[in-house]
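Please keep the sequence and the model in view while reading.

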Amino acid sequence: ATALSCGAPEVSAPLPPQATPPIGAGCAVYQGVVSGNDEMRATFTLCRGAAGLSGWVRFASERSGWSDREIAGSVDPSGHLIMKDTAVIAAAAAAGWEFCPVDRYELVQTASGRVEGSYRSTACNDFARLILERVQ
(Lines give C-alpha, C1' and ligand atoms only; values in the text may rest on other atoms or scores of the structure.)
Protein backbone atom coordinates (compact mmCIF):
# COMPACT_ATOMS: atom_id res chain seq x y z
CA ALA A 1 0.00 0.00 0.00
CA THR A 2 2.15 2.78 1.14
CA ALA A 3 5.57 1.87 -0.10
CA LEU A 4 6.96 -0.06 2.82
CA SER A 5 10.04 -2.01 3.71
CA CYS A 6 9.71 -5.72 4.34
CA GLY A 7 9.57 -7.78 7.50
CA ALA A 8 7.73 -6.90 10.67
CA PRO A 9 5.78 -8.76 13.30
CA GLU A 10 1.99 -8.33 13.54
CA VAL A 11 1.43 -5.00 15.29
CA SER A 12 -1.71 -2.97 15.81
CA ALA A 13 -1.14 0.77 15.32
CA PRO A 14 -3.84 3.23 16.45
CA LEU A 15 -5.72 4.75 13.51
CA PRO A 16 -6.75 8.41 13.96
CA PRO A 17 -9.30 10.19 11.75
CA GLN A 18 -7.99 10.72 8.22
CA ALA A 19 -6.22 14.08 7.93
CA THR A 20 -8.00 15.39 4.82
CA PRO A 21 -10.08 18.46 4.00
CA PRO A 22 -13.84 18.08 3.37
CA ILE A 23 -14.87 16.46 0.08
CA GLY A 24 -15.64 19.16 -2.49
CA ALA A 25 -17.27 19.38 -5.91
CA GLY A 26 -15.39 17.42 -8.56
CA CYS A 27 -14.14 14.91 -5.98
CA ALA A 28 -14.87 11.20 -5.53
CA VAL A 29 -13.89 8.77 -2.77
CA TYR A 30 -12.66 5.24 -3.54
CA GLN A 31 -11.80 2.42 -1.13
CA GLY A 32 -10.17 -0.92 -1.65
CA VAL A 33 -7.11 -3.08 -1.30
CA VAL A 34 -3.49 -2.46 -2.23
CA SER A 35 -1.13 -5.42 -2.53
CA GLY A 36 2.60 -4.64 -2.42
CA ASN A 37 5.18 -5.13 0.34
CA ASP A 38 2.15 -5.36 2.65
CA GLU A 39 -1.56 -5.78 1.90
CA MET A 40 -3.27 -2.60 3.01
CA ARG A 41 -6.67 -0.94 2.99
CA ALA A 42 -6.71 2.23 0.92
CA THR A 43 -8.96 5.27 0.76
CA PHE A 44 -8.36 7.62 -2.17
CA THR A 45 -10.06 11.00 -2.50
CA LEU A 46 -9.54 12.11 -6.10
CA CYS A 47 -10.46 15.59 -7.34
CA ARG A 48 -10.47 16.82 -10.93
CA GLY A 49 -9.90 20.53 -11.50
CA ALA A 50 -8.48 23.00 -13.97
CA ALA A 51 -4.96 22.30 -12.66
CA GLY A 52 -5.34 18.51 -13.11
CA LEU A 53 -5.79 15.87 -10.43
CA SER A 54 -5.30 16.34 -6.71
CA GLY A 55 -6.34 14.48 -3.62
CA TRP A 56 -5.46 12.48 -0.57
CA VAL A 57 -4.68 8.86 0.19
CA ARG A 58 -4.80 6.84 3.39
CA PHE A 59 -3.04 3.48 3.52
CA ALA A 60 -3.68 1.38 6.65
CA SER A 61 -2.65 -2.07 7.84
CA GLU A 62 -2.77 -3.80 11.21
CA ARG A 63 0.70 -5.13 10.38
CA SER A 64 2.63 -2.08 9.14
CA GLY A 65 0.73 1.00 10.34
CA TRP A 66 -0.87 3.85 8.44
CA SER A 67 -0.07 6.98 6.45
CA ASP A 68 -2.02 9.90 5.00
CA ARG A 69 -0.64 11.54 1.84
CA GLU A 70 -1.39 14.34 -0.59
CA ILE A 71 -1.26 13.38 -4.26
CA ALA A 72 -1.29 15.33 -7.52
CA GLY A 73 -1.08 14.57 -11.20
CA SER A 74 -2.93 14.59 -14.49
CA VAL A 75 -4.93 12.51 -16.93
CA ASP A 76 -2.78 11.30 -19.83
CA PRO A 77 -4.05 11.12 -23.46
CA SER A 78 -5.12 7.48 -22.99
CA GLY A 79 -7.28 8.42 -19.97
CA HIS A 80 -4.95 7.01 -17.31
CA LEU A 81 -4.73 8.88 -14.02
CA ILE A 82 -1.01 9.54 -13.46
CA MET A 83 -0.12 10.88 -10.01
CA LYS A 84 2.56 10.94 -7.32
CA ASP A 85 2.83 11.73 -3.63
CA THR A 86 3.46 15.42 -2.98
CA ALA A 87 3.48 15.26 0.84
CA VAL A 88 3.02 12.91 3.76
CA ILE A 89 0.44 14.60 6.00
CA ALA A 90 0.71 12.16 8.91
CA ALA A 91 1.99 8.62 9.49
CA ALA A 92 2.65 6.00 12.13
CA ALA A 93 4.74 3.05 10.96
CA ALA A 94 4.85 -0.07 13.09
CA ALA A 95 8.23 -1.26 14.40
CA GLY A 96 10.38 -2.60 11.56
CA TRP A 97 8.43 -0.76 8.82
CA GLU A 98 9.17 2.41 6.90
CA PHE A 99 6.88 4.56 4.75
CA CYS A 100 8.38 5.81 1.49
CA PRO A 101 7.06 8.25 -1.12
CA VAL A 102 5.17 6.82 -4.08
CA ASP A 103 6.87 8.03 -7.27
CA ARG A 104 4.05 7.07 -9.63
CA TYR A 105 0.45 5.96 -9.39
CA GLU A 106 -1.03 4.80 -12.69
CA LEU A 107 -4.76 4.18 -12.46
CA VAL A 108 -7.58 3.66 -14.93
CA GLN A 109 -11.32 3.93 -14.37
CA THR A 110 -13.21 0.88 -15.65
CA ALA A 111 -16.66 0.92 -17.27
CA SER A 112 -18.13 -0.23 -13.93
CA GLY A 113 -16.66 2.82 -12.15
CA ARG A 114 -13.95 0.83 -10.37
CA VAL A 115 -10.43 2.32 -10.33
CA GLU A 116 -7.59 -0.15 -10.89
CA GLY A 117 -3.89 0.12 -11.46
CA SER A 118 -0.55 0.20 -9.73
CA TYR A 119 2.00 2.29 -7.94
CA ARG A 120 5.77 2.26 -7.72
CA SER A 121 8.03 3.45 -4.92
CA THR A 122 11.70 3.47 -5.83
CA ALA A 123 12.85 4.28 -2.27
CA CYS A 124 11.20 1.14 -0.83
CA ASN A 125 11.58 -1.02 -3.94
CA ASP A 126 7.81 -1.53 -3.87
CA PHE A 127 5.42 -2.18 -6.73
CA ALA A 128 1.78 -2.61 -5.76
CA ARG A 129 -1.55 -3.38 -7.42
CA LEU A 130 -4.66 -1.34 -6.49
CA ILE A 131 -8.34 -2.21 -6.84
CA LEU A 132 -10.69 0.50 -5.60
CA GLU A 133 -14.49 0.87 -5.59
CA ARG A 134 -16.22 4.25 -5.54
CA VAL A 135 -17.96 4.84 -2.20
CA GLN A 136 -18.81 8.56 -2.46
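The sections below treat the basis of the model, its strands, its nonpolar core and its salt bridges.

## Basis of the model

The model is predicted, so local features need pLDDT of at least 70 and side-chain atom pairs count only at pLDDT 80 or more, while totals for chains, interfaces and linings use all residues. Residues are numbered from 1 along each chain as its sequence is written, and side-chain values use heavy atoms, with hydrogens and water left out.

## The barrel

A barrel is closed by 8 strands in the order β2-β3-β4-β5-β6-β8-β9-β10, with antiparallel pairing. Strands here are DSSP runs of E with at least two residues, numbered from the N terminus, and two of them pair if DSSP finds at least two bridges between them. On average, neighbouring strands of this sheet are turned by 30° against each other, direction ignored; the axes behind such angles are lines fitted to C-alpha atoms.

Strands β2 and β10 run antiparallel and are joined by 6 bridges. Valine 33 stands opposite isoleucine 131 in β10.

## The nonpolar core

A nonpolar core is a set of buried Ala, Val, Leu, Ile, Met, Phe, Trp, Tyr and Cys residues joined through side-chain atoms within 4.5 Å. Buried means under 20% relative accessible area, exposed over 50%, and partly exposed in between, with a 1.4 Å probe and protein chains only.

The largest such core has 22 residues, and those with the most contacts inside it are Phe44, Phe59, Met83, Tyr105 and Tyr119. At least two residues of this core come from each of β2 (27–35), β3 (39–49), β4, β6, β8, β9 and β10. Strand β3 gives the most, with 4 residues.

## Salt bridges

The whole structure holds 6 salt bridges, each defined as a side-chain nitrogen of Lys or Arg within 4 Å of a carboxyl oxygen of Asp or Glu. In one of them, aspartate 68 pairs with arginine 58, with the closest N and O atoms 2.6 Å apart. This pair links β5 (residues 65–75) to β4 (residues 52–61) across 10 residues, and both partners are buried. Aspartate 85 and arginine 69 form another, at 2.2 Å between the closest N and O atoms. Aspartate 85 lies in β6 (residues 81–93) and arginine 69 in β5, 16 residues apart; both are buried.

Arginine 114 and glutamate 133 also meet in a salt bridge, at 2.6 Å from N to O. Arginine 114 is in the loop between β8 (104–109) and β9 (115–121), and glutamate 133 is in β10 (residues 126–134), 19 residues apart. Arginine 114 is partly exposed, with a relative accessible area of 28%, and glutamate 133 is partly exposed at 35%. Salt bridges with shared partners join Arg114, Glu116 and Glu133 into one network.

Key: Axes fitted to C-alpha atoms, helices over the stretch in contact; angles between N-to-C directions.
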